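Let's walk through this structure together, one stop at a time. Please have the sequence and the 3D view at hand.

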Amino acid sequence: MRHKELRIALVCYGGISLAVYMHGVTKELWKLLRASRCFHAGETNSESSEGVYGRLLERLRDEHGHCISVMTDIVAGASAGGINSVFLAQAIHSGQSLDPLTELWLSEADIDILLDPDAKPGARTAKFWMMPAVSYLLQRPGNGVSSSVSPETREEVREKLSRLIRSRWFEPPFSGIGLSRLFTRALSAMADQPAGDPLLPPGHPIDLFVTATDFGGQLRPLRLHSPELVYESEHRLSIGFRGITPGKPGQPLAPLLDLVFATRATSSFPGAFPPLQVAEIETLAQEEDLSWESRDAFLTRIMPEHAREDDLEQVALIDGSVLVNAPFADAMAVLRDRPAHREVDRRFVYIDPTPHHTFPREQRDPNEPPGFIATIFGAVSAIPREQPIRDNLEALESASQETATLRAIVDSLRPEIEDAVERLFGRTLFLSRPTPKRLSTWRAKSQQAAWEQAGFAYHGYSQVKFAGILAMLARIIVQAAPSLGSRQPVSDALAAHLATQGLDRLSALRGGASSHAVEFFREHDLAFRIRRLRLLARRAIEEKFADSEPDENAADHMLGIIYEGLALYQAKEPVCALGPEFDELAANAFKDPRAVIAFIANQRGLPALDAKVDAMIAAALGEMSPASRRRLLLAYLGFPFYDTVTLPLLRGEGTNEFDPAKVDRISPDDCHAIPSHGSLRGTEFYNFGAFFSRAYREHDYLWGRLHGAQRLIDLVASAVEDRQIGVEELDQFKREAFLAILDEEESRLTNDPALIAGIRSTLESPSG
């Protein structure tokens, strides 16, 4: 069967107590991923909304058995979104349940629990002289509590606000190590529950990123023309984890205390929680009798400059959303090494619980400037975290435009290139059965012919190709040895060494590549192989839906073979594929670049892999009709002609993918299937609102699940363009999901009896 994968790269914004709403959304995504896993395993799951998602996936299966699978293999978040990102990534990688995180948000994320014991007022009469002012603030006409809090929770909110206002001053009121303890308990509870299978295929990578802010900063080298080297302070800190999905359940994404460190660092909201320091996690380890064996390696990896300066103990980390509230860049950076086993629909999905809001939010005369406190709060906290993601989306749009340009160029070149390949080999080529040996010989002949016929254009092509390989080599060397600094000096050192090996000239006298260049490209040009198979996959998809002489079954089989070959090549891309011994070798790249280059070539073994992929493709071609085989061979052997033209035009970038990534948002503004019963409670009190009442948290969590269900159903349906579902049928799936969620949560969300009853009556009314 030919399946399609809907791959979601999830980005979770910061939002303080709106973390509860975001948890509702991410929990619904987790349920969709579980439903997809069960559906493809042939298992029946009727639990809550998972059963609805399973029926939706079944409805989208076509008459040939082709269907869609859903996976999330990239997760990035900041602050409150960072917390949810860590737990979701752990659940995906391990197959563990997210339910313990639900209990943490509903039961533990409360002002009274978060307050540091040393900060709490010692008695109801503490700071008694503040009582009149506190009473006035909380009882005055038009105050926030009276205007925004439901009557049954107003006294609870007023009491907790009073304790917060009368807690210690000029120090963070909330406990840092208390928050770390909560995360530790929730992660441990996840590990203690029975785990299902991981939610990604075995061997598939999952990347997790959370942002933090290094208060003191790390000095990073910056190379200029004059002076040659300067240093600047970098305060942005991205804490990343990569896991390779195991074949059995219950395997953690990373050591427990590494995950706790990252979660606590990203959520250290300035002023509310103290900055995170290494000593806090060491104290936690002693309290809980936990071993932190990965400590040195983990801290060195995420803060290499501090490790070199031996000042890790002094580092202070604060909230990640101070500088990077929407970490799209990290998620975008790892797209290049995703394995592909079948057709992929890549989506960037971001959760924004408060779109269109601006700070400060208090009512004021529009003709008057903002006040003293509002200006300070906005400048140091609100404005940076509310910055739009336009730059990130414009980068994605630019990449999509380059993709469209590439497709247009390839389509326009197709008749001439097919004619050139036919002249090169003659019609008899396409009447014989291809063998691995013939395919290898034909590839080499076509490649040399394309380069020779390019004339002077080959010089530009070869330089772009060579520069791209150098950049790739420098990238993985610096990843393995961060102490080397930036990539450009490494690339320059490699280029200088290769020039002494005859690669100062890439062209042969008669045209095409020199013998030294041919050998170098054979050993290192991994991107060329991936681009070639991407083009072949596109041709195979076209062949499946050809107007005449469709060869669907053979085309499906060929697609599977192509994606299997792509996965083999892409598995060679990341630095982890080179083995642990590469780190020490990479650190000596300036001293012995020859050894580093030779090691990479030997570990990757691209010529041997070429032979394996040739054998796979030759066998699949042999099962196709002569007409289909001819068209696919024209694409495969003609690829060097396409590449010679397109690679220089696109500056060596953006040519691996023929389909653009799409961007989808999940927010309250996008969900209208159920009439809103008021805004999210977490938006009150500068986004701290949900920490004041469990009723608030239950409200936002439930709406997060409902909004998540609506948007995810839309998302899945939009990924299957040739099997459209009518609006009415899609609305019915949503209604079933909503009711299933209400049924599941009715016994847990009891603090506001009108919450579920009100939503249910809306859904069950004729208009609903």
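In which strand is E234 found? E234 belongs to strand 4, residues 229-244; strands (E, at least two residues) and helices (H or I, at least four) are DSSP runs numbered from the N terminus. Before we go on, note that this is a predicted model, in which local features need pLDDT of at least 70, side-chain atom pairs count only at pLDDT 80 or more, and totals for chains, interfaces and linings use all residues. Residues are numbered from 1 along each chain as its sequence is written, and side-chain values use heavy atoms, with hydrogens and water left out.

E234 counts as buried because its relative accessibility is 15%; buried means under 20% relative accessible area, exposed over 50%, and partly exposed in between, with a 1.4 Å probe and protein chains only. Leaving aside residues up to four places away in sequence, E234 touches G217, Q218 and R220, where contact means heavy atoms within 4.5 Å. A polar atom of the E234 side chain also lies 2.9 Å from the backbone nitrogen of R236.

Now for the nonpolar core, a set of buried Ala, Val, Leu, Ile, Met, Phe, Trp, Tyr and Cys residues joined through side-chain atoms within 4.5 Å. The largest one has 119 residues, and I239 and F261 touch the most other members. A second, separate core of 78 residues includes W442, L473, L535 and L647.

Our last stop is T300, in helix 12 (residues 295-302). T300 is partly exposed because its relative accessible area is 37%. A polar atom of its side chain lies 2.7 Å from the backbone oxygen of D296. The C-alpha atoms of T300 and P482 are 9.6 Å apart, though 182 residues separate the two along the chain.

Terms used. A polar contact is a pair of N or O atoms within 3.5 Å; within protein, one must be able to donate a hydrogen and the other to accept it, and residues adjacent in sequence count only if both atoms are side-chain atoms.
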